[in-house]
Amino acid sequence: MVASAPLEVIEQVKVFAGQLTRYRHHSHAVNGDMELAVFLPPQAHQRPVPALYWLSGLTCTDQNFCQKAGAFGVAAELGLALICPDTSPRGCNLPGEEDDWDFGSGAGFYLNATQPPWSRHYRMYDYVVDELPELLEHQLPLSPRRSLAGHSMGGHGALVCGLRNPERYSSLSAFAPISNPSNCPWGQKAFGHYLGPDREQWRAWDACELLRQFSAPVLPLLVDQGEADPFLTEQLQPQQLEAACRASGYPLTLRYQAGYDHSYYFIASFISDHLRFHAIHLGLVQTV
């Protein structure tokens with residue numbers, strides 16, 4: 001049923017000899033229409049290519065990464081597809097959906113909501129992990145090799161989706177992830193509404209909690225964090241990610257970048273490192 005859902009082309013543009021296409025389709029996971037962007041490198045004309053799924057942060061759509069990250073040239077060189085889903089369902093007409101920038105529209109937190117009215121639509125975890133790869137790999141020249149990356153809320157999403165499903169991905173990376181959402185204002189607000197007041201239920205959606213209990217196969221993990229990020233101390237808490245990895249023995253490469261903030265200027269500065277990191281683990285290149 002998922003694989004037969006049609007992809008409606010919104011717009012297409014040629015870039016670095018590849019093709020960037022924005023699509024619309026009906027999602028069974030979120031019970032509504034979704035939009036996304038897909039960059040296919042020129043190598044996709046000859047063979048299926050692996051894909052990096054990019055999960056964006058609060059207030060973003062599929063277009064922020066495409067317009068600001070400067071990733072297409074390196075992705076074309078490597079033969080790496082880039083998949084950019086939206087950050088939440090849109091237009092569900094739920095009470096409070098548009099009231100706050102850090103909750104509701106643009107703030108799906110890449111989880112499966114359990115509390116009404118959010119549970120009917122806000123199932124971005126199922127959308128990213130299951131529905132979208134099945135749909136795209138059926139209809140586009142994509143191989144089943146996948147990796148995950150994201151920024152801020154999307155960094156949280158990449159970590160959680162990957163740690164819960166290590167068999168589905170080759171590598172993980174994040175820029176300034178919300179590392180311990182159970183213990184920061186953004187995460188507590190979202191989890192309280194989407195998952196309810198029982199904090200025990202939050203543990204399954206918190207990267208630090210998952211890492212402390214981790215026993216599955218290890219995925220290579222790269223994290224970059226700007227030292228001038230205004231959200232560093234209160235919201236992002238990378239020290240908690242370090243502590244969780246240390247407690248479980250999970251290997252983590254965490255790079256603090258002096259002078260960089262939370263913006264796409266930061267992402268654009270280091271996105272090539274992340275693409276090449278994933279290309280190694282997806283089998284596209286042997287060394288950086």
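Start by selecting Arg164 and Trp205: Arg164 lies over the face of Trp205, at 4.0 Å from the ring centre. Here, a charge sits over a ring when NZ of Lys or CZ of Arg is within 6 Å of the ring centre and within 35 degrees of the ring normal.

A quick word on what you're looking at. This is a predicted model, where local features need pLDDT of at least 70 and side-chain atom pairs count only at pLDDT 80 or more, while totals for chains, interfaces and linings use all residues. Residues are numbered from 1 along each chain as its sequence is written, and side-chain values use heavy atoms, leaving out hydrogens and water.

Next, pick helix α5, residues 185-195. (Helices, H or I of at least four residues, and strands, E of at least two, are DSSP runs numbered from the N terminus.) Which of its residues are buried? Colour Trp186, Gly187, Ala190, Phe191, Tyr194 and Leu195; buried means under 20% relative accessible area, exposed over 50%, and partly exposed in between, with a 1.4 Å probe and protein chains only. They cover an arc of only 110 degrees around the axis, which puts them on the same side of α5; the arc is taken from the directions from the helix axis to the C-beta atoms. Show α4 (153-164) and α7 (232-236) too, as the buried residues of α5 pack against them, with contact meaning heavy atoms within 4.5 Å.

(Rings of Phe, Tyr and Trp, the last by its six-membered ring, pair if their centres lie within 6.5 Å; planes under 30 degrees apart are stacked, over 60 edge-to-face, the rest tilted.) Trp101 sits in the loop between β5 (81-85) and α3 (124-139), 85 residues from Trp186. Trp186 is buried at 5% relative accessible area, whereas Trp101 is partly exposed at 48%.

Last stop: the sheet. Nine strands form an open, mixed sheet in the order β1-β2-β3-β5-β4-β6-β7-β8-β9. Its edge strands are β1 (8-15) and β9 (253-257), each pairing on one side only; two strands pair if DSSP finds at least two bridges between them. Zoom in on β2 (residues 18-27) and β3 (residues 32-40), antiparallel over nine bridges, and find Tyr23 with its bridge partner in β3, Leu36.
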